[in-house]
Amino acid sequence: MLKYLISTIEMLITASVNIALVLAYIKLAYTNRSRLWVYISVIAGVVSAGIMAYLKNATKIVDTAMCNFVIFVTALAMLVIFFVFAALRKKLPRAGEAVSLTALSVIVAAMLLYALPNFLAYPYTIWLNESMVFSTNMLFKMIGAVLGALLVLITGIAVNRGAVRLSRRQAFVIMTLALSVNVLRQITVIINVMITKRFVKSSPVLFNIVKFSTNYADVFIYAAMVIALIIPAILFFRSLRVNEPYDNPAQHRKIRKKWKVIRRWSAAVVSCLVVSTVCITAVKAYVNKGVELSPVEHAPIHDDAVYVSFEMVEDGHLHRFAYNTESGKEIRFIVIKKPNSSQYGIGLDACDICGETGYYEKDGQVVCKLCDVVMNINTIGFKGGCNPIVIDYRIENGQIIVPVSTLLEHEKEFK
């Protein structure tokens, strides 16, 4: 349960904060009629994310890396357009408002389309990897995901309700800071995809940029939270020097009530962010320390490939192998013989959802270390859910042969 709570928070908190800030700025800067398009974009983003979740897990037609590439490039282009036309609103009132608002709407939809698919796929992936149609284990996992989503939703609402009480300029500055941090993360992902897909040639500078963003991905989450904390800080200092005039006790009570509500929303922002931080730091460390992965086994490497003989993996248990790159990075993959079969489940010791945390064997089952999902061993080697990332290999003369080039294509998955 805790693993799903943590992964849901990590997956959604940044998008929640950014969307809350964008919606707050839109409420302060645009007319009620114009804002309708933003709510349409929210609905479109959620629906599109649901479709994407289905396509990712039930079909093989979606290339996740390319989808993220398109989403981020579109979001970056829309952000540039927003700033250009927001600056032109005084000279071109109608065009400036319409185009800048449309750009923000697309940015909101893009953030939802990137953040939500893996979360929306949880019911399917949990059910797929359970041995029973319904179990207590499955229920606890779903409770963890729902609690994480509720915390993220409440955080977004609190940030939004606090931000709408700022001035338009203050809301714009805070939104810009949050989107700028998000842009840095998006740029690193775009660079990573371009290198992986060989759109550009890798270089030490680009490699170090991607390496930093991968190794310190949590920094972007913490940065978004810190930016959100600016809101209650501003409101707190404003409350210290409130000097609003009033003509009678009734007006005075109304002013006091207004600031009481503001302080409550400010406290809600701080509380939610503190709880989220504790979950993705202390609780995560506690949950992840319980399981140690089995050691990497030696497999000969020659002719630019890793060779695993059938004899090494014939016992039906999980076996872990690795290739060490020139930079010292260990790219791991697993092999397990499928029950009552001569076939083998082969894949990276990492998945698209949980990253490189790896898998371990427990009571004859393969389990994801991060989210505690139990793999259906017969599905290992197939794309979908929390299954290991599929890799190319061939079988010849009683050997499982994994090309080094295949492993290097997935180097980014390992820190």
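The structure is a predicted model, in which local features need a pLDDT of at least 70 and side-chain atom pairs count only at pLDDT 80 or more, while totals for chains, interfaces and linings use all residues. Residues are numbered from 1 along each chain as its sequence is written, and side-chain values use heavy atoms, with hydrogens and water left out.

The chain contains 11 helices and 10 strands, where helices (H or I, at least four residues) and strands (E, at least two) are DSSP runs numbered from the N terminus. Along the principal axes, the C-alpha atoms fill a box of roughly 90 × 45 × 35 Å. Of the 415 residues in the chain, 47% are buried; here, buried means under 20% relative accessible area, exposed means over 50%, and partly exposed covers the range in between (1.4 Å probe, protein chains only). Among the contacts with a separation of 6 or more, 69% are made by residues 24 or more positions apart, a contact being defined by heavy atoms within 4.5 Å. The chain exposes about 20800 Å², and carbon and sulfur atoms supply 63% of this area; accessible areas come from the Shrake-Rupley method with a 1.4 Å probe, and for residues only the protein chains shown count as cover.

A surface patch of positive charge is formed by Arg253, Arg256, Lys257, Lys260, Arg263 and Arg264. Patches are made of residues with over 30% relative accessible area and no salt bridge, with like charges joined within 9 Å and nonpolar side chains (Val, Leu, Ile, Met, Phe, Trp, Tyr) joined within 5 Å. One member of the positive patch, lysine 257, is found in helix α10 (residues 249-288), and lysine 257 counts as exposed because its relative accessibility is 59%.

A nonpolar patch is also present on the surface, and its residues, including Met1, Leu2, Ile154 and Tyr286, together have about 1100 Å² of accessible area. Helix α6 (residues 136-163) provides the largest share of this patch, namely nine residues. Isoleucine 154 lies in helix α6 and, at 47% relative accessibility, counts as partly exposed. Tyrosine 286, by contrast, lies in helix α10 and is exposed, with a relative accessible area of 56%. Although tyrosine 286 and leucine 2 are 284 residues apart in sequence, their C-alpha atoms are 9.8 Å apart in space.

Side chains of opposite charge can pair when their charged atoms come close. A search of the whole structure finds seven salt bridges, each defined as a side-chain nitrogen of Lys or Arg within 4 Å of a carboxyl oxygen of Asp or Glu. In one of these, glutamate 314 pairs with lysine 337, and the closest N and O atoms are 2.5 Å apart. This pair links distant parts of the chain, with glutamate 314 in the loop between β2 (305-309) and β3 (319-324) and lysine 337 in strand β4 (residues 330-337), 23 residues apart. Glutamate 314 is partly exposed at 39% relative accessibility, whereas lysine 337 is buried, with a relative accessible area of 18%.

A salt bridge also joins glutamate 356 and arginine 332, with 3.8 Å between the closest N and O atoms. Here too the pair links distant parts of the chain, with glutamate 356 in the loop between β5 (344-348) and β6 (359-362) and arginine 332 in strand β4, 24 residues apart. Glutamate 356 is partly exposed, with a relative accessible area of 23%, while arginine 332 counts as buried at 9% relative accessibility. Both residues belong to a network of salt bridges that links Arg320, Arg332, Asp349 and Glu356.

Lysine 412 and glutamate 413 also meet through their side chains in a salt bridge (3.6 Å, N to O). Lysine 412 is partly exposed, with a relative accessible area of 25%, and glutamate 413 is buried at 18%. Asparagine 192 is placed in helix α7 (residues 168-196) and is buried, with a relative accessible area of 15%.

Key:
Lys and Arg count as positive and Asp and Glu as negative; His and the chain ends are not counted. The place of a charge is taken as NZ of Lys, CZ of Arg, CG of Asp or CD of Glu.
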